[in-house]
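Take a look at it, then read on.

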Amino acid sequence: MFARKTALAVALLAATAFAGTASAKTFVHCSEGSPEGFDPALYTAGTTFDASSNSVYNRLVEFEVGTTNIDPGLAESWEVSDDGLEYTFKLRQGVKFHSTDYFTPTRDFNADDVVFSFMRQLKKDHAWHQYTAGTAWEYFNGMSMPDLLKSVEKVDDYTVKFVLNRPEAPMIANLGMDFASIVSKEYADKLAADGKMEDLNQKPIGTGAFKFVAYQKDAVIRYKAHDDYWEGRPKIDDLVFAITTDPSVRHQRLKAGECHFNPYPNPADLDAIRNDPDLQLPEQEGLNVGYLAYNTKVAPFDNAKVRKALNMAVNKQAILDAVFQGAGKAAKNPIPPTIWSYNDAIEDDPYDPDAAKKMLEEAGVTDLKMKIWAMPVQRPYNPNARRMAEVIQSDFAKIGVEVEIVSYEWGEYLKRSKDVDRDGAVLLGWTGDNGDPDNFLAVLLGCDGVGGSNRAQWCNKEFEDLIQKAKVTSDVAERTRLYEEAQVVFKREAPWATIAHSVVFKAMRKEVEGFKIHPFGSHIFKYVDLK
Amino acid sequence: MLAFLLRRIGLLIPTFIGVTIAAFGFIRLLPGDPVLLMAGERGLTPERHAELLKQFGFDRPIYEQYFDYLVGVLQGDLGNSLVTKKPVFEEFFTLFPATLELSICAIIFAIALGLPAGIIAAVKRGSVFDHSVMSTALVGYSMPIFWLGLLFIMLFSGLLGWTPVSGRISLLYFFEPVTGLMTVDAFLSGQPGAVRSALSHLILPTIVLGTIPMAVIARQTRSAMLEVLGEDYVRTAKAKGLPPVRVIGLHALRNALIPVITTIGLQVGVLLAGAILTETIFSWPGIGKWIVDSISRRDYPSVQGGLLMIAVIVMLVNLTVDVLYGLVNPRIRHQR
C-alpha cells in the first residue's frame with residue numbers, strides 16, 4: 001500500500017514538474033561513460049563522439065543514418081578531378097552556427113570554417129595545432145591524413161578544394177568521419193582573442209542538430225534543439241545524457257523511466273527487455289570483425305594448407321554460444337556484411353575436424369604445438385577472448401594440435417603482436433572507421449601493414465594488387481568487383497580464421513520513435529521523437 | 001597542546017614525501033603505455049609514438065619527471081589530465097564535493113546506528129539484542145558492496161519504486177553548482193522539490209556505503225565498552241549509586257571512545273575505497289570512479305594527483321583524530 005501511494009506521489013510530482021517546463025520533449029540517453037572532451041578531432045572514442053560530433057557538429061559529407069552510404073552534409077555537391085588528386089566541394093549556404101550564452105555568431109558557415117577545421121590538424125605551425133596540452137589529432141593521423149592531404153584551399157566563400165598527394169578513393173568517406181567535423185573559425189578567433197583557447201574542447205559551437213548547454217563532469221550533459229538546424233529542427237526539445245557506467249543500473253533506469261535509451265544492454269538482460277511491454281530492442285550486425293591471425297611468416301603457418309586445416313577445426317557455433325551468447329554472427333569474410341562489396345557468394349570453411357586432421361597430415365605436420373594470444377580486454381568483436389581461446393584450444397586438441405594460451409597487458413599486447421617473428425596466433429579484431437572496404441582490407445591485410453596492423457604478417461601479391469587498384473579507382477562498381485575478388489583470394493589463402501561479427505542491441509522505451517542503429521556504433525538522436 | 005600539534009604536523013612531512021613517491025611510482029609500475037592505449041587497435045608508427053612520448057615528457061629520465069612533478073605539487077600544480085586536458089586540481093575539486101557529501105552522510109549513518117547499537121549490545125551482553133546486533137554486523141561487514149547496491153536498486157527502486165535508481169538529483173532539476181554539495185545547491189537554487197529529490201537520491205548510496213563502517217563501529221564499540229564496563233571505577237561509580245545512564249554515558253563511554261574514534265578515523269580510508277564501487281553503481285560523479293577510470297586509461301597525472309589528494313585528506317583526518325584523542329583523553333596529550 002505504501003509502495004503504491006509513494007509511486008503515485010512520485011508520478012504526480014513528475015507530472016507537475018513536466019507541466020512546469022511547458023510540455024518540452026526531453027529525451028534522456030543513459031550514456032555509458034563520460035566524454036573526454038568536446039572537440040572530436042582530439043579523440044578516438046565513440047562515447048566522446050556521441051557527445052560531440054554526433055550531436056553538436058556536422059561534416060562536409062554525412063553517412064546516411066543506419067548505413068555506410070555517403071550523403072551530402074555541409075557540402076551540397078563535389079567533383080573529383082580526372083587524376084583523382086583534387087576534390088572540389090560546393091558548400092551549403094545559409095547554415096547557422098549555434099547561438100548560446102557563451103557565443104553569438106555574426107555570420108553563416110562558410111569556406112573559412114572548413115579550411116580552419118582541417119588546417120589546424122594538418123599544419124604543425126598552425127596557431128591551433130597545439131591549442132591544449134597534449135593535442136595529438138589521433139584520428140587524423142591514424143587515417144594517414146598528413147601523408148595524404150597536401151592542402152585545403154578556399155576558392156571562394158562557398159567553394160573549397162582539397163588537394164591530395166596521391167589518388168585515394170576512400171578520401172570522401174574519411175571526410176564523413178568524426179575528426180572531420182567542422183568547427184567555427186569565428187568562435188575560435190574569439191577564444192584566441194580572449195585567451196581561452198582550451199574552451200574549444202569544453203564549450204563546443206557547431207552547426208549540428210543540438211547545441212551544448214552544460215556538462216556536469218561524470219554526471220549529466222545537457223543540449224537544446226538547434227532551432228535553425230539546416231536539416232530542420234529536431235523533434236525533441238532537450239537532449240540529456242545521464243552518464244551511467246554500470247550496465248545493470250542502466251537497465252534499471254530504463255525500466256524505471258529515468259532514461260529513454262540504453263546504448264549497451266547486458267546480454268543477460270536481453271530476454272527481459274524483449275518481454276517487457278514498455279521496452280523495445282532493435283538489433284543490427286556491428287561494423288566489426290573478430291579474428292585469429294596466424295603468423296604467416298613462421299613455419300608451419302607459412303603454408304596455406306596448414307592454416308586452412310586449422311580453420312576447418314574451429315567450431316564457430318560453439319564460440320557464438322559460449323562467448324557471444326547470441327549476440328554474434330559467424331564471420332566468413334574479413335569485412336562485415338553491413339559494408340558494401342561484402343562477398344556473400346563465398347562459402348565458409350566447413351567445421352570438419354576429421355578432414356582438418358587429414359589435411360594437416362598431408363601437409364606433413366604432426367605433433368604441432370602452438371600459442372594462441374588472448375586479449376586482456378572486452379571488445380564488441382570479442383566479449384571474452386580468454387573463453388574464446390579456450391574453445392579454440394579444445395577444438396585444436398581434437399585434431400592433435402596442442403595450444404598454449406598467452407596474454408599480456410593491453411598496450412603490451414597490441415605492441416608485441418605486431419612483431420614479424422611473433423610466436424603464435426593472435427586473437428584480435430577491428431571496428432570500421434569510415435565504412436570503406438579499404439579500411440578493413442588494406443589496413444589489416446595489406447603489405448604496408450606487415451609489422452604493424454597486419455597481424456598475420458601476410459603480404460600476398462595477388463591480393464595486394466587488387467586492393468591497391470581499388471584504392472585509386474573512384475568508380476564504385478569497379479571497386480566493388482575488385483574487393484569481391486580480393487575476398488576470394490583471402491578465403492583461399494586463409495591468413496586468418498575469421499571468427500565473428502558482433503550483433504548490436506539497443507534497448508529503448510516504447511515511446512521512442514525514429515531511432516536507427518548506425519553501423520559505426522554512433523548514437524544519433526537528431527531524428528528521434530517521443531510519442 | 002601546541003607542542004603536541006606541532007609534533008604531529010612534523011610527522012606529516014616525511015609521510016607526504018613518501019606519498020608523492022608512491023603515487024608517482026605506483027601508476028608507472030603498472031605495465032602499459034598511455035600513448036599506446038590512446039591509439040588502441042589502430043596503432044601508430046614508432047616515429048609518431050616517440051613524438052607523442054616527447055610531447056607528454058615521458059621520454060625523459062624518471063627522476064627528472066618526478067622532480068618536475070614534485071616542484072609542481074609544491075606550487076599547487078598537479079599537471080593536466082592526458083584525457084580531458086584539464087588541470088587535475090580542477091578536476092579533483094569538481095568531483096570531490098560529490099564524494100564528500102556521500103561520505104559525510106555515510107559516516108553519520110554509520111555512527112548514528114553503529115554507536116548506540118554497540119553500546120546497548122555491550123550493556124545487555126548475551127541478550128537476544130546483543131546476538132542479533134552482532135550477527136547483523138557480521139553480515140553487514142562481509143557484504144560485497146557491489147552486490148548489496150544492485151540488490152537495493154532492484155528491490156527499492158525497481159520493485160517497490162520508493163527511491164530513484166541512480167544519479168544525484170532528478171534530471172528535471174538543473175542549476176549551476178555553487179558548493180558542489182547537491183543538497184546545499186538544491187536548497188540555494190530555490191527550485192521547489194529539488195532538496196527532496198537530492199535527499200531521495202542520497203538514501204540508497206548512503207546505506208550501501210555506510211553499511212561496512214556501521215558494522216565495524218558497532219563491533220568496536222561493543223568490545224571497547226565491555227572492557228571498560230569491567231573496570232574498577234565503573235563498579236565504584238555503580239556502587240556509589242549513580243544512575244546507570246550516567247555510569248554508562250560518562251564514566252564508561254568516554255573511556256571506551258578512544259578505540260572507537262580510532263576506528264571511525266580509519267573508516268575514512270574504507271569509505272574512500274568503498275566509494276569507488278558505490279559511485280560506480282549509483283552513477284555518482286565522485287573521485288572514486290574518476291581514479292578507477294584514470295587508472296585504466298593510464299592517465300598518469302590524474303592518477304598520481306588523485307591519489308595524492310586522497311592521501312592528504314586521510315592524513316588530515318588522522319591528524320584531526322589524534323587531536324580529538326587529546327581532547328577526549330588528557331592522558332595522551334600529556335604523554336612524552
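Which residue in β5(A) does A:V80 stand opposite? That would be A:Y87. Keep in mind as you look around that this is a predicted model.

Let's stay with that part of chain A for a moment. β4(A) and strand β5 (residues 86–91) of chain A run antiparallel and are joined by 5 bridges. They belong to an open sheet of 4 strands, with the order β4-β5-β7-β6 and antiparallel pairing. At the edges you'll find β4 (75–80) and β6 (149–156) of chain A; each has a single partner strand, so one side of each is left without a neighbour in the sheet. From one strand to the next, the twist averages 20°. Helix α3 (residues 111–122) of chain A packs on this sheet and touches β5, β6 and β7 (159–164) of chain A. The direction of α3(A) makes about 165° with that of β6(A).

Now for a helix elsewhere in chain A. Why is α10 (residues 304–313) of chain A described as largely enclosed by the rest of the structure? Because 7 of its 10 residues are buried. The buried ones are A:V306, A:R307, A:A309, A:L310, A:N311, A:M312 and A:A313. As for what covers them, the list includes α12 (353–362), α13 (385–397) and β19 (496–505) of chain A.

| Property of chain B | Value |
|---|---|
| Box filled by the C-alpha atoms, along the principal axes | roughly 85 × 55 × 40 Å |
| Buried residues | 38% of the 336 residues |
| Contacts between residues 24 or more positions apart | 74% of the contacts with a separation of 6 or more |

Finally, how do the chains meet? On the chain B side, 46 residues are in contact with 48 residues of chain A. The elements of chain B that give two or more residues to this side are α2 (34–39), α3 (46–56), α5 (88–123), α7 (145–159), α11 (244–281) and α12 (287–296). Of these, α7(B) supplies the largest share, 5 residues. Sorted by class, the side of chain B that touches chain A has 24 nonpolar, 15 polar and 7 charged residues.

Notes
Residues numbered from 1 in each chain as written. Chains lettered and ligands numbered in written order. Predicted model: local features only at pLDDT ≥ 70, side-chain atom pairs only at ≥ 80, totals over all residues. Contact = placed C-beta atoms within 7 Å. Nonpolar A, V, L, I, M, F, W, Y, C, P; charged D, E, K, R; others polar. Buried ≥ 20, exposed ≤ 12 C-beta atoms within 10 Å, placed from the backbone. Pairing = 2+ DSSP bridges. Axes fitted to C-alpha atoms, helices over the stretch in contact; angles between N-to-C directions.
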